[in-house]
Amino acid sequence: MTTTTGTTMAAPAHWTELDSPVGTLLLTADPATGALTSLSVPGQKGGRTVQDGWRRDPALFRAAEEQLAAYFAGELKEFRLETSTDGSEFRERVWAALDAVPYGATTTYGEIAARIGASRAAVRAVGGAIGANPLLIVRPCHRVIGADGSLTGYAGGLERKLRLLRLEGTLP
């Protein structure tokens, strides 16, 4: 996944919706670059909703649509999409660490904190950054679990997290 950071959404976003096994996906992209800026699900905590002035442009999302279909079919292990997110330096470091968690694997909040060189006390802040991930599924925050193996929070809902982990063969 190619990621650009520090962009702003000053211009109206381009968007589309896709059906998926975990519900309707709302995708947005930067109109200047075409880079994917968000992927949200219905009821998502902090998820995006279509705004006045946004332009529906399904053609812009063909690569994302194809890759998501292959992922849900169990045929794609790593997304290769240009993305663009706008988070603090800390959030961008956490998100980069998420991008490195391989398909079919899980990690913990503490392991993400260690991976980015944050103190053990920063685990709560790491959790906040993971919860603010604007690219559900594509940036695999669903692969982060509690230190005790529990399925802790997921902005898209624990049922979706469970489905994604089962799809990837992480859970029976």
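**Labels and their grounds**

Analyst: Leaving out residues up to four places away in sequence, Pro140 touches Leu98, Asp99 and Val101; contact means heavy atoms within 4.5 Å. Residues are numbered from 1 along each chain as its sequence is written, and side-chain values use heavy atoms, with hydrogens and water left out. This is a predicted model, in which local features need pLDDT of at least 70 and side-chain atom pairs count only at pLDDT 80 or more, while totals for chains, interfaces and linings use all residues.

User: Why is Pro140 called buried?

Analyst: Buried means under 20% relative accessible area, exposed over 50%, and partly exposed in between (1.4 Å probe, protein chains only). Pro140 has 4% relative accessibility, so it counts as buried.

User: Where is the place of Pro140?

Analyst: Pro140 is in the loop between α4 (123-131) and β8 (144-145). Helices (H or I, at least four residues) and strands (E, at least two) are DSSP runs, numbered from the N terminus. From Pro140 to Thr106 the distance is 9.5 Å, C-alpha to C-alpha, although 34 residues separate them in sequence.

User: What makes Arg143 count as buried?

Analyst: The relative accessibility of Arg143 is 5%, and therefore Arg143 counts as buried. Arg143 is also found in the loop between α4 and β8. Among the residues in contact with Arg143, neighbours within four places aside, are Lys77, Tyr103, Thr106, Leu165 and Glu168.

User: Why is the pair of Tyr71 and Tyr103 called edge-to-face?

Analyst: Rings of Phe, Tyr and Trp (its six-membered ring) pair if their centres lie within 6.5 Å; planes under 30 degrees apart count as stacked, over 60 as edge-to-face and the rest as tilted. A search of the whole structure finds three aromatic pairs. One of them is Tyr71 with Phe72, edge-to-face at 5.2 Å centre to centre and 70° between the planes. For Tyr71 and Tyr103, the ring centres are 6.2 Å apart and the planes stand at 85°, so this pair is edge-to-face.

User: Why is the pair of Tyr71 and Tyr103 said to tie together parts that are apart in sequence?

Analyst: Tyr71 lies in helix α1 (residues 62-72), and Tyr103 in the loop between α2 (89-99) and β7 (107-108), so the pair joins parts 32 residues apart in sequence. Tyr71, Phe72, Phe79 and Tyr103 form one aromatic cluster.

User: Are Tyr71 and Tyr103 buried or exposed?

Analyst: Tyr71 has a relative accessible area of 1% and is therefore buried. Tyr103, at 17%, is buried as well.

User: What makes a nonpolar core, and which residues have the most contacts inside the largest?

Analyst: A nonpolar core is a set of buried Ala, Val, Leu, Ile, Met, Phe, Trp, Tyr and Cys residues joined through side-chain atoms within 4.5 Å. The largest has 40 residues, and Leu25, Leu27, Leu68 and Ile137 have the most contacts inside it. Elements giving two or more residues to this core include β3 (25-29) and β4 (36-40). Helix α1 supplies the largest share, five residues.

User: How do you know that Leu27 is buried?

Analyst: The relative accessibility of Leu27 is 0%, so Leu27 counts as buried. Leu27 lies in strand β3. Not counting residues up to four places away in sequence, Leu27 touches several residues, including Trp15, Leu36, Phe61 and Leu68.
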